[in-house]
Every structure is written in C-alpha cells, then in structure tokens.
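Welcome, and please open your viewer. We will go from stop to stop, selecting a few residues each time and looking at what is there.

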Amino acid sequence: MNFNTKLLHGKSIKKYADGATLPPISQVSAYRFDTAQEQEKVFNHRAFGFAYTRVGNPTVAAFEQRIAELEGGSGAIAFSSGMSAITVAILNILSTGDEIISSGGLYGGTMDLFRDFERFGIKTRYVSHFTKEEIEKEINDNTKIIFGETISNPALEITDIEEVAALSHSHGIPLIIDNTTATPYLVNPLSLGADIVVHSTTKYINGSGNSVGGVIVDGGKFSWDFEKYAALSPFKKYGKAAYSVRIRSDLGENIGGTMAPLTAYLNVIGLETLGLRMQRICDNAKALAEALNENKDITVNYPTLGTDHNTALAAEELKGFGGGLITIRVGSKERAYRILNSLEYAVRATSLGDVRTLVIHPASTLYIHSTKEEQEIAGVYDDLIRISTGIEDPEDLIEDFTKAIKASDEAEN
Ligand code: PLP
C-alpha cells in the first residue's frame, strides 16, 4: 500500500462506533465500569479499556495508532505539545549525571528545555554538524541519548540517520529523532535505525494550525541495558517494550501532558491529507527557494538548492524532497524586518507546517532566550528570515516575495 492510500485505508484505520468513518470525539474525563473488579483489571492492565483520559482515551488512541503505523513504530503516545513529548521522551530514560549529545541546529524551544535540564544535572553537548565524526568525539560513559532533527530547524541540515544510528548503537545508546520538519511522508527514521521518533503534531501533521500537540513513537527494537538505563529497570520484564510501558503507565501518566481528544480528532483529519500537503509544500519551497536565489544580495539556504552533502542526503533519504522550510539571509535585521513587513500573503506568525506560508525572524522570537553561542550553533543570525511554505499557488508566493523585496529596498532609498 502506498503512502496516500495508507493514510485512508491503513490497518490502523478502524470502523468506529455506528460505522463512523472518523473516530468520534470522546470528550470525557472518566469512564464508567459495571463492577469494581472490572475497574481493577483495567487499572492493572489486565484488561483492555479506558479509565481516565489522562491515561488513555479512545480518540487519542485512534490518532496514536495511525501515527504509529505511518512511522512504522511498535506504538505511539500522544501529548499536549511537541515540547511535552520531547520532555517525556528524554526524562523517561535519563537520571542526574547523564548526558545528551545533540545536533546544534535545533529548534529554540528544545534548546531552552535542554538548558532547563542542566538544573537537574543533565548536560547537553552540542555538535555543530550532526555527523558521525563530530558525535563520536563527544561520546563518553555518561552519554545516554543522541538527539537530532531530521531536517534541523532552522539550520536546515539533513541528518544521515542511518550513519548516526549505527554509531549510536555501537555505543549502546538510543537515537531519538525529531521528525517534525520531515514528516513520515519524506522519511521514516525508525526504518533507518532511529529508536524513538518525536513530533510536534502542531506543524505538518495537524496541518491547519488549529491545535498544539506532540507524539512519541517507539520503534520497539532497542535492547535496553537495564543497569545503564536504571529508570527502566522496574519495567525489565517488558524487554524492548519497557520504554513505552514506562511512559504509558508511569512517567507520561504522572507528568500528565496528555493530548486533548479534540486535538487528536483534528490531527486524524490532518493526517488524511498529509501526503498531498507535503508534496505541494515541498514543491512550493523548492520553487520559491530557486526564485529567491536569483537575488544576488540574498543568501538562500534550502536543502536541495546546492550541490553539497545536504542535496545528496535529500536525494537518498528524503525521496529527493527538501522539506517546506527555507531560510534567507538578507544582510541586516532592518532589511529583514522591512521584507517581513512588506509581505502580503505570507503570514508573520510563530509556527511552521501550516497550509498558509508563514514567516518569522528567529533571532528576535524563537531564539530570544538563547545565548549568542547557542544562536550561532543553531544557525540563527540577525539578518535571517525563516519561511515555511504553504499550499498557495507558487506564482503568487514568488510574486509576494519579489514585490516585498523590491518594496523594502525602495523604502530604504
Ligand atoms: N520540534 C520542532 C522541530 C519544532 O519546530 C517545534 C516547534 O516549533 C517543536 C518541536 C515544539 O513543538 P510544540 O510547539 O508543539 O511544543
């Protein structure tokens, strides 16, 4: 079954109550039991059922099953935001004294989170290029997670997942990949050796910018060393499923950052058009990047634009697509602001992966809490604009940017 068909007819898609084609929104906090004995069984995971929405909900489960199938995972657990999914994905296996090695080109919020972890004695070592060679130099006995984004946001470097996973496994360390910017349409990191995938569903998965959410997908194949990953040792009897079981019945449940049923429903609808949207978004990004590249005084960063290792990786790993993000350096913050303010269709808004083209000045927004050093390692500069293309007609988008650049330069003169 090909991707777009799977979105509509995959094995995770069930006939819901009354033959509904979509999962009904189960907007309740608690579920009723006929007997206390039945309730006890569900609580003890001895019978299937839902007891309380923070722990499990049928609409959320319908979304989890769909995303698990699309990413090729053994299971998925949905959260109230991408950040809560990342928090749980990491804290599920780390203890004080442990270390993360992460790609430097990282979403600003994740960098802020990793700084928060320092207070709990969890250190992050950033590498400026997320390559086997650079990562290997940083590995030590305390390294417990290797973390990267498929297409780093906003540096737009593509991770060679196969290579990094092989290195990671040779040291007995799991690889966690944030696949938000690529989506399962471009790549399944688990099939290339990643162990855990996380998403901000707020972006391409939801697609319409109508709710915030996140999800963890477990590959279910990593052989956990229960001494090294002591947090999982009470779940040893579950073997390779220990990671998911701990999230579901311990840390994830206790932190309580559950996805709301309505969000899960909106994400199910979003997923159904993921393939069509991604195709159009990536085509638009490529066309716009090429048009912007005609401007001699603007530096355009788009993965398939050049002839470097990124282009080769896009061809190999991302089916030739470069994703929906472009960054441009325009020479100064003032010019960046003038261009941003002159755009008519592109919306100045803080997100990505929407059906609308969105633009932002990362240095003064997403990375406002980052140090200069962190900004530099993430590839954020004062004159940088990030563009997340939508599904508009490409000619209109190109015209919008061409006019905005012209208007901004005329305003300066
Ligand atoms: N990961 C990436 C790559 C992101 O771009 C974002 C948000 O922009 C997040 C995670 C965090 O997601 P959320 O805003 O849903 O918490």
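Rings of Phe, Tyr and Trp (its six-membered ring) pair if their centres lie within 6.5 Å; planes under 30 degrees apart count as stacked, over 60 as edge-to-face and the rest as tilted. By that rule, the whole structure holds nine aromatic pairs.

Before you select anything, note that this is a predicted model, in which local features need pLDDT of at least 70 and side-chain atom pairs count only at pLDDT 80 or more, while totals for chains, interfaces and linings use all residues. Residues are numbered from 1 along each chain as its sequence is written, and side-chain values use heavy atoms, with hydrogens and water left out.

**Stop 1: aromatic pairs**

Select Phe3 and Tyr185. Their rings sit edge-to-face, 5.2 Å centre to centre with 70 degrees between the planes. Phe3 belongs to helix α1 (residues 3–9) and Tyr185 to helix α8 (residues 183–186), so this pair links distant parts of the chain, 182 residues apart; helices here are DSSP runs of H or I with at least four residues, strands are E runs of at least two, and both are numbered from the N terminus. Both Phe3 and Tyr185 are buried (under 20% relative accessible area; exposed is over 50%, partly exposed in between, with a 1.4 Å probe and protein chains only).

Next, pick Tyr31 and Phe50. Their ring centres are 6.0 Å apart and the planes meet at 45 degrees, so the pair is tilted. Phe50 is partly exposed, at 21% relative accessible area.

Now select Phe222, Trp224, Tyr229 and Tyr243, which ring pairs link into a cluster.

**Stop 2: the ligand**

Which side chain has an N or O atom 2.9 Å from an oxygen atom of the ligand? Select Lys203 to see it. A backbone N or O atom of Gly82 also lies 2.9 Å from a ligand oxygen. The protein buries 91% of the 390 Å² that the ligand exposes when taken alone (Shrake-Rupley method, 1.4 Å probe).

**Stop 3: His369**

Finally, go to His369, in the loop between β11 (358–360) and α14 (372–378). Is His369 buried or exposed? His369 is exposed, with a relative accessible area of 56%. Leaving aside residues up to four places away in sequence, His369 touches Asp112, Arg115 and Glu374 (heavy atoms within 4.5 Å).

Key:
Polar contact = N/O pair within 3.5 Å; in protein donor to acceptor, adjacent residues only side chain to side chain.
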